[in-house]
Each structure stands twice: as structure tokens, then as C-alpha cells.
Amino acid sequence: AALMRTPKVLLVDEPMVGLDPQGMRLVKRVLREVADGPPGSGGAVVMMSTHTLDVVEEVCDRVLVMGHGKLVADGTVDELVGKLPPSSTGEQRTLEDLFIALTGSSDEVSDPGVHP
């Protein structure tokens with residue numbers, strides 16, 4: 001329904017949740033087509049909120065990383081990942097590595113300020 005009027009801005013929240021691989025591929029293709037738009041149109045701004053970082057790496061032109069309610073990084077995937085020091089094992093760094101480096105340890109399971 002949101003695409004019926006050719007929006008200039010499209011906001012989507014976790015669009016891949018609950019989809020099978022075919023559905024995910026379709027949604028990624030549609031979001032990319034909306035962003036690219038018809039030739040000469042410039043396309044639309046597509047803003048996607050997601051924790052599925054491999055999808056971000058695959059389809060997004062620009063990334064905003066939020067941590068504790070604040071913007072902590074902004075750039076292309078390559079720009080952001082390029083800010084990380086090389087891996088000690090020589091593995092290629094990922095957006096997941098960056099997200100964890102900027103927002104906290106992967107070992108954290110809850111906000112340290114919250115006490116049950």
C-alpha cells in the first residue's frame with residue numbers, strides 16, 4: 001500500500017522479519033528499485049531500521065548506526081568498516097564488528113544500568 005503513490009520517502013522497520021528466503025529476496029529487490037527509481041527520476045529515500053546487518057551490507061548505500069538512542073556513526077559500509085583496526089586473525093571486518101565496537105560488547109545481555 002505504501003508504494004501505490006510512488007513515495008519520495010519510504011520508512012520500513014525490520015522488513016525481513018518472518019520472511020522465507022524468497023520473500024527476503026523480493027523485499028530487497030523492491031526496496032532497491034524504490035531507491036533507484038525509474039531512470040532519470042532519482043528514486044526515493046528508503047530508510048530501513050533493522051538489526052539484520054548482512055542485509056544492510058547487501059542493499060544499503062548509506063548506514064546510520066544508533067547506540068543508546070544516539071547517532072554513533074554515519075557513512076557507507078566500506079567507510080565505516082574501514083575505520084576498524086585489522087582483525088588479529090586476518091579476517092575481513094564486518095558491519096557487525098563495527099556495531100559491537102560502537103555500541104558495546106557482544107557479551108552484554110542487558111543494560112548495565114538496569115537492575116532486576
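How many helices and strands make up the secondary structure of the chain? There are four helices and four strands. Helices (H or I, at least four residues) and strands (E, at least two) are DSSP runs, numbered from the N terminus. Their order from the N terminus is β-α-β-α-β-β-α-α. The model is predicted: local features need pLDDT of at least 70 and side-chain atom pairs pLDDT 80 or more, while totals for chains, interfaces and linings use all residues. Residues are numbered from 1 along each chain as its sequence is written, and side-chain values use heavy atoms, without hydrogens and water.

The chain has 116 residues, and 25% of them count as buried (under 20% relative accessible area, 1.4 Å probe, protein chains only).

The largest pocket holds about 880 Å³ of space. A pocket is an open set of points on a 1 Å grid over the protein atoms alone, where a 1.4 Å probe fits, with protein on both sides within 12 Å along at least five of seven lines; lining residues have an atom within 4 Å of a point. A volume is the space filled by probe spheres set on the points, which are joined across faces, edges and corners. The lining has 26 residues, with M48, C60, R62, V63 and L64 nearest the centre. β2 gives the most, five residues. Among the other contributors of at least two residues are α1 (21-36) and α4 (95-103).

The second largest pocket has about 190 Å³ of space. Its lining includes L3, P7, K8, E33 and V34.

Definitions and conventions
Buried means under 20% relative accessible area, exposed over 50%, partly exposed in between (1.4 Å probe, protein chains only).
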